[in-house]
Amino acid sequence: MESPARMVETFVRGGQTNARRLRYDMYAAYAQHLNDFTTFMRNNGVTLYGISVQNEPDYAHDWTWWTPAEMVRFLRENAGSISTRVIAPESFQYLKNISDPILNDPTALANVDIIGAHLYGTSFANFPYPLFKQKGAGKELWMTEVYHPNSSDSADLWPQALDVGEHIHRAMVDAEFQAYVWWYIRRGYGPMREDGQISKRGANMAHFARFVRPGYVRIQATPNPAPNVHVSAYRGGNSTVVVAVNKGTSALSQQFTLVNGTASGVSSWLTDASRNVAPQGTTGVSNNAFTVTLPARSVTTFVTA
């Protein structure tokens, strides 16, 4: 969300002489502005699930900058009056010094519902967030915007597009996000090409999004059962979904064992150099286990029946 011009002042921030920030005496008015927008959307048929205080407050060359202290102040003093769920702080690179102060301030934390983050250039080593696991009980953790691995290459470049499969896997398993949201859907580098057809990057995303539906819960799985293989699993209703990304240059045989569940068969879908989420038929399950071949440089989704 962006601040109306009447609520903004300019200041000097490093070499930026016209940097913008929300005036301190306008914090309450800004909270009301967010409520007015929520009401406007609802009156036009859209009920917002949540609203963000500010997109990328730490990358704000074209919008308003917020320091971590300013974000905490707004959450403490004003966010409690916001009528829908509050998302903050949405650091562009999941910088923990932006979100740590919120988690360390009980009053600010009480007035936020979703810790939001972007993953632009964030290393896998910085995906886990121990402080959130320690203090974020009852809150959600969302990855609200990214493209990966870049915006310069075609989304059909292979095997580079497999990086998307690994990125989503690590966002689910290492970072433990409950949401993964792509930037522009329809772009040459996006999940949908400019002609409206799914791209290789989009096929990787579909291996998660098409089968792991709202309400599903991620369950424990061996994340790296073999070198260059990344596995995650999800449960919804009576179905278990397993997504396996093989970034290796060789095919391998992999056994999966279902714990605390039974299945008579497993259907699978495959994306590799020549196929996009292509159905592969059904594999039998014996003693709650099944063995499959993971082709070289591929992503496969398995769904139990």
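Modeller: What follows goes through the strands sheet by sheet, and then turns to a pair of helices. Keep in mind that this is a predicted model.

Take the antiparallel sheet to begin with. Here 6 strands form an open sheet, and their order is β8-β9-β10-β15-β12-β13. Which strands stand at the edges? They are β8 (217-219) and β13 (278-284). Each of these two pairs on one side only. Neighbouring strands are also turned against each other in this sheet. The average is 25 degrees, with direction ignored.

Now follow β13 to its partner. Strand β12 (residues 265-271) runs antiparallel to β13, and 5 bridges join the two.

Helix α6 (residues 162-173) does. It touches β8, β9 (229-236), β10 (239-246) and β15 (298-304). The direction of α6 makes about 55 degrees with that of β9. Helix α7 (residues 200-209) packs on the sheet as well. Its contacts are with β9, β10, β12 and β15. The direction of α7 makes about 160 degrees with that of β12. An angle over 145 counts as roughly antiparallel.

There is also a parallel sheet. It is open and has 5 strands, in the order β3-β4-β5-β6-β7. Its edges are β3 (50-52) and β7 (179-180). Each has a single partner strand, so one side of each has no neighbour in the sheet. For β3, look at strand β4 (residues 85-91): the two pair in the parallel sense over 3 bridges. Within this pair, I51 stands opposite V86 in β4.

Finally, the helix pair. Two packed helices are described by the angle between their axes and the distance between the axes. Here the helices are α1 (residues 27-43) and α2 (residues 68-77). Their axes come within 10 Å and cross at roughly 70 degrees. The two helices are therefore roughly perpendicular to each other. The crossing of α1 past α2 is right-handed. Which residues meet there? From α1 come Y27, Y30, A31 and L34; from α2 come E70, R73 and F74. By class, this contact has 5 nonpolar and 2 charged residues, and no polar ones.

Definitions and conventions: Residues numbered from 1 in each chain as written. Predicted model: local features only at pLDDT ≥ 70, side-chain atom pairs only at ≥ 80, totals over all residues. Heavy atoms only, no water. Axes fitted to C-alpha atoms, helices over the stretch in contact; angles between N-to-C directions. Helix = DSSP H or I, 4+ residues; strand = E, 2+ residues; numbered from the N terminus. Parallel < 35°, antiparallel > 145°, perpendicular 65-115°, else oblique. Left-handed = near helix turned anticlockwise from the far one by under 90°. Contact = heavy atoms within 4.5 Å. Nonpolar A, V, L, I, M, F, W, Y, C, P; charged D, E, K, R; others polar. Pairing = 2+ DSSP bridges.
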